[in-house]
Amino acid sequence: MPKDQLDRLQLKLLKILARRVYDSSPFYHERMREAGMTPQDIRTLADVTKLPFMTKKDLRDGYPDKLFMRDRSELIRYHASSGTTGKPTIVGYTRNDVENWSESLARALTSIGLGKEDVIQVSNTYGLFSGGLGFHYAAEKIGAVVVPASTGNTERQLELIRDLEVTAIAATPSYLMYMGEVAEKMGIDIRRDTKLRSGLLGAEPWSDRMRDRIYETMGVRGFNCFGASELSGPMFLECAEQDGIHFWGDLALVEIIDPDSGEPLGPGQKGEMVVTMLQKEAFPMVRYRMGDITSIMEEPCPCGRAHPRLTRIQGRVDDMIIIRGINVFPSQVEHALMQHRELGNEFQIVVDRKDHMDSMLVRVELRPEAFTDDIVELNELREYISSRLKGVLNVSAKVELVQSGTLPRFEGKAKRVVDRREY
Ligand code: ADP
Ligand code: ZN
């Protein structure tokens with residue numbers, strides 16, 4: 001659909017949505033009333049900024065289902081957020097909500113060339129976490145064969161990949177990297193012994209450097225997938241260009257705002273992602289502040305899709321660690337560490353405070369082949385990495401090189417930060 005046609009469709013859907021939440025959501029009706037507006041105030045797409053924001057707190061305050069606009073008889077599913085930033089929130093779905101969710105991700109899978117001939121292993125957790133079932137429904141919708149592996153039992157997962165000739169896998173990037181390690185120990189060369197070529201990777205921030213590593217070690221092309229339980233689950237993916245995540249314009253209206261002032265930012269400017277789900281029925285998702293930091297890309301995608309494209313998500317506003325007043329995202333640390341061939345894939349950031357001074361320690365695994373008894377050499381490497389980190393982060397960090405295999409591994413979302421400061 002050409003851009004101007006998509007804009008018209010979005011405006012039409014936005015008007016319908018504003019009317020729907022005004023009429024059926026007492027919560028959002030009240031928000032609109034406080035903002036002194038009615039559905040008639042939406043005349044152009046830019047008028048979306050007149051609508052009041054929603055936040056995670058609204059969902060928490062509404063726990064479990066106070067925000068729902070539909071009767072229980074019209075719901076067919078519940079899921080819950082993974083609770084990264086506090087008490088998990090509950091989301092509900094009507095039949096149309098589940099249908100739109102599957103459609104969204106099915107479209108995404110098609111956009112990277114997957115189809116009936118593919119075998120897709122879903123190695124995201126099945127259950128309350130929306131990842132597993134989200135990919136499951138989408139993969140079935142495109143007629144692929146689904147292997148509902150969920151997480152855990154990693155050796156078995158690898159045997160299935162090999163024996164069932166799995167071509168694509170959905171997982172967190174940290175879990176896929178861990179699978180790579182286990183494969184090596186089992187003597188499975190993913191590139192040579194399996195047909196696995198595509199990774200649908202998301203649910204946590206990751207970097208282009210990690211994408212390169214996954215390709216180099218496993219021959220798997222990683223595609224960045226974005227979602228959140230509030231939106232429905234995993235929904236949006238990069239296309240075959242692997243350059244920015246397409247946000248389907250008929251399902252979601254995405255804006256970028258300045259996280260401090262709430263003012264809209266233009267294309268190319270980095271800020272907080274705000275999403276309006278245009279067709280959601282079970283509960284209102286209007287100008288929802290995701291907390292994720294990204295930007296909308298200016299250039300249209302060479303693939304020809306007019307849907308807006310978002311750059312890699314740097315992290316959440318609340319993932320950000322403030323060290324002596326300087327903002328640091330774990331994804332920046334990851335990016336900097338992955339430049340060094342001597343280092344493995346696992347790292348941990350330990351933040352502490354002594355005598356009112358913040359300190360940051362980055363613990364990172366050394367690759368087995370980079371290990372040496374030469375202390376001087378190791379110290380030099382450590383100092384070098386520390387100075388490179390300082391260059392990127394503008395804050396000094398101590399580095400500790402640890403033996404391969406000693407830091408925690410993750411099947412779901414990785415937890416990289418240990419903050420020991422007392423507030
Ligand atoms: P919770 O908020 O409890 O973690 P979810 O499981 O719904 O609940 O997680 C959604 C969040 O996961 C997003 O808001 C975002 O911070 C993160 N996320 C999902 N996909 C990606 C991705 N591809 N890159 C970076 N972050 C992501
Ligand atoms: Zn594209």
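**Salt bridges and their surroundings**

Reply: Glu 74 is partly exposed, with a relative accessible area of 36%, where buried means under 20%, exposed over 50% and partly exposed in between (1.4 Å probe, protein chains only). Arg 70 is likewise partly exposed, at 26%, and its side chain meets that of Glu 74 in a salt bridge of 2.8 Å, N to O; the term requires a side-chain nitrogen of Lys or Arg within 4 Å of a carboxyl oxygen of Asp or Glu. This is a predicted model, in which local features need pLDDT of at least 70 and side-chain atom pairs count only at pLDDT 80 or more, while totals for chains, interfaces and linings use all residues. Residues are numbered from 1 along each chain as its sequence is written, chains are lettered from A and ligands numbered from 1 in the order in which they are written, and side-chain values use heavy atoms, with hydrogens and water left out.

Another salt bridge, of 3.4 Å from N to O, joins the side chains of Glu 165 and Lys 195. Because Glu 165 lies in the loop between α6 (154-163) and β5 (168-171) and Lys 195 in the loop between α8 (190-193) and β6 (198-202), the pair ties together parts that are 30 residues apart in sequence; helices (H or I, at least four residues) and strands (E, at least two) are DSSP runs, numbered from the N terminus. Both partners count as partly exposed, Glu 165 at 42% relative accessibility and Lys 195 at 45%.

The side chains of Arg 409 and Glu 365 also form a salt bridge, 2.8 Å from N to O. This pair links distant parts of the chain, 44 residues apart, with Arg 409 in the loop between β19 (398-402) and β20 (417-419) and Glu 365 in strand β18 (residues 357-366). Glu 365 is buried, its relative accessible area being 2%. Elsewhere, Asp 208, Arg 211, Glu 238 and Arg 312 are joined into one network by salt bridges that share partners.

A search of the whole structure finds 30 salt bridges, in a protein that has eleven helices and 20 strands. Of its 423 residues, 53% count as buried, and its C-alpha atoms fill a box of roughly 75 × 55 × 40 Å, taken along the principal axes.
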